[in-house]
Amino acid sequence: TGRYKCETVAKEDWLSKEDLTKTLTDQGWFVRFMKEDGGCWEVYGTTPEGQRVEAYFHPSKGTKLLVAQRGKILFRAKR
């Protein structure tokens, strides 16, 4: 697992890659690559502010949980 561990969510309740990509794109993100990691969606892309990052999103809600750039944490959601 990577930097972040999400709560366990049943697979059928996960957002699809397409749905999360559309949500993020609508918010101004550019998604280069997305994979499952630590029970989360891990996204490699660019923030609306133009930062190239690695970000973790909740698998079913799509909420932003962690954003990191070159090992530096830029955002971490309150648990």
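Two strands are taken to pair if DSSP finds at least two bridges between them, and in this predicted model strand E3 (residues 52-57) and strand E4 (residues 64-69), which run antiparallel, are joined by 4 bridges. Within this pairing, Ala 55 of the chain stands opposite Val 67 in E4. The two strands belong to an open sheet of 5 strands, in which the order is E1-E2-E3-E4-E5 and the pairing is antiparallel. Strand E1 (30-37) and strand E5 (72-76) form the edges of the sheet, each pairing on one side only, and neighbouring strands are turned against each other by 20° on average, direction ignored.

Helix H1 (residues 17-26) lies across E1, strand E2 (40-46) and E3, and runs at about 140° to E1. The loop between H1 and E1 holds Trp 29, which is paired with Phe 57 in strand E3, so that distant parts of the chain, 28 residues apart, are linked. The ring centres of Trp 29 and Phe 57 are 5.5 Å apart and the ring planes stand at 80°, an angle over the 60 degrees required, and the pair is therefore edge-to-face. Both Trp 29 and Phe 57 are buried. A search of the whole structure finds 4 aromatic pairs, the pair of Trp 29 and Phe 57 being one of them.

Aromatic rings are also approached by lysine side chains in this model, as with Lys 11, which lies over the face of Trp 14 at 3.8 Å from the ring centre. In a further case, the charged end of Lys 64 sits over the ring of Phe 75, at 4.4 Å from the centre of that ring.

Methods: Residues numbered from 1 in each chain as written. Predicted model: local features only at pLDDT ≥ 70, side-chain atom pairs only at ≥ 80, totals over all residues. Heavy atoms only, no water. Axes fitted to C-alpha atoms, helices over the stretch in contact; angles between N-to-C directions. Contact = heavy atoms within 4.5 Å. Phe/Tyr/Trp six-rings, centres within 6.5 Å; stacked < 30°, edge-to-face > 60°. Buried < 20%, exposed > 50% of the residue type's maximum accessible area, 1.4 Å probe, protein only. Lys NZ or Arg CZ within 6 Å of the ring centre and 35° of its normal.
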